[in-house]
Amino acid sequence: MTAAALSQAPTGEEKTPRNFAPLLLAGPSTLLFFALVLVPLALTVILSFNVYTYEKGIEDGYTLANYTQVLTDGYYLSIFWRTLRLALVTTVIAVALGVPEAYILSNMRKPWRSIFLLVIIGPLLVSVVVRTFGWSMLLGRNGLVNGVLDFLGLPTTQILYSETAIVIGLVHIMLPFMVIPVWTVLQKLDPSVEAAALTLGASRFTALRRVVFPQAVLGILSGSLIVFALSASSFAIPGLLGGRRLKMAATVVYDEFLIELNWPLGAAIAIIVLVANLVIMVAYNRLLEGQAKKKLG
């Protein structure tokens, strides 16, 4: 072999050029994420520490008074408790309704599966405000629900502007976000596994509890996290179905920003709700994933 050929032959010490194509492709989405999520969040955190007085408005100094006021005031603590409680109730009801619905949907045959899937997804095409206004007319004093109760000779009740009305509206809005993740997981399961359990003598309930449910836990986990997060941060539904008396965290933030004009206090409330949601969701995620790993080995 000539010296020129030896000089052109690759050696083990040569390094292949680094491919920057993945970084270039991910660059625009990363910049968009920083611009639309992280930068506004950082500005909100900074705003929550600003000094505010009703005489001068937002001042240049920084203080912890906004967080101290929120965390020591029983009024705000009661609103936080109501927000988390109603979000939890909504999540539990959505799981109780959505998981069986997803199981039934996964066992349907065509074309009924496509038809019922369209029925589940269809409401997402309608504005949340429009659907909430529909519930306000149904649950009002002279609405359809009280009309049916009056027709049956039962006492009417004030459902609108109550926690019950808020939960009903939240469950209706959030139910597709529970059904779709669970249905997606169930679609990947082998139906012969459940059939084998039934063949070996297991009852239908035992097969669901020991075979289907453990494998659907990850879908339930993702769906419940979505439902809880959206319910805890919901604004239109509590505002229209709960009225001015029953406030939740998002409505209080709205009041502080646009009515009281106390932007630092509103930002502090928003950050506290965000941190509380993250802590609850991470703890729930760890707990449910740990149980799923134990059951699935």
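Mentor: Let us begin with Pro-111, which sits in the loop between helix 4 and helix 5; helices (H or I, at least four residues) and strands (E, at least two) are DSSP runs, numbered from the N terminus. This is a predicted model, in which local features need pLDDT of at least 70 and side-chain atom pairs count only at pLDDT 80 or more, while totals for chains, interfaces and linings use all residues. Residues are numbered from 1 along each chain as its sequence is written, and side-chain values use heavy atoms, with hydrogens and water left out.

Trainee: What is the peptide bond from Lys-110 to Pro-111, cis or trans?

Mentor: The bond from Lys-110 to Pro-111 has omega near 0° and is cis. Most peptide bonds are trans, and most residues other than glycine have a negative phi. Tyr-161, in the loop between helix 7 (144–151) and helix 8, has a positive phi of about 60° although it is not a glycine. Leu-261 has a positive phi as well, near 60°, and its place is the loop between helix 13 (249–258) and helix 14 (263–296).

Trainee: Which residues form the nonpolar patch on the surface?

Mentor: They are Leu-32, Phe-33, Phe-34, Leu-36, Val-37, Leu-38, Val-39, Leu-43, Ile-46 and Tyr-62, together holding about 970 Å² of accessible area. Helix 2 (residues 21–48) gives the largest share of the patch, nine residues.

Trainee: How do you know that Leu-221 counts as buried or exposed?

Mentor: Leu-221, found in helix 11, has 5% relative accessibility and therefore counts as buried. Not counting residues up to four places away in sequence, Leu-221 touches Tyr-284, Asn-285, Leu-288 and Glu-289, where contact means heavy atoms within 4.5 Å. From C-alpha to C-alpha, Leu-221 and Met-178 are 9.2 Å apart in space, although 43 residues separate them in sequence.

Trainee: Which members of the largest nonpolar core touch the most other members?

Mentor: Of its 33 residues, those are Ala-102, Leu-105, Ile-166, Val-182, Leu-186 and Leu-241. Two or more residues come from each of helix 4 (74–106), helix 5 (112–121), helix 8 (163–187), helix 11 (217–232) and helix 12 (236–242), and the largest share, 13 residues, is that of helix 8. A core is a set of buried Ala, Val, Leu, Ile, Met, Phe, Trp, Tyr and Cys residues joined through side-chain atoms within 4.5 Å. Leaving aside neighbours within four places in sequence, Leu-186 is in contact with Ala-102, Tyr-103, Ser-106, Val-212 and Ala-216. Apart from this core lies another, of 14 residues, including Val-253, Leu-265, Ile-271 and Val-273.

Trainee: What makes the chain more spread out or less spread out than a compact globule?

Mentor: The chain has 14 helices and two strands. Its radius of gyration is 27 Å, well over the 19 Å that the globule rule gives for 297 residues, so the chain is more spread out than a compact globule; the radius is taken over C-alpha atoms, and the rule is 2.2 Å times the number of residues to the power 0.38. Along its principal axes, the C-alpha trace spans about 100 × 70 × 35 Å. Of the 297 residues, 34% count as buried.

Conventions. Patches are made of residues with over 30% relative accessible area and no salt bridge: like charges are joined within 9 Å, nonpolar side chains (Val, Leu, Ile, Met, Phe, Trp, Tyr) within 5 Å. Accessible areas come from the Shrake-Rupley method with a 1.4 Å probe; for residues, only the protein chains shown count as cover. A salt bridge is a side-chain nitrogen of Lys or Arg within 4 Å of a carboxyl oxygen of Asp or Glu. Buried means under 20% relative accessible area, exposed over 50%, partly exposed in between (1.4 Å probe, protein chains only).
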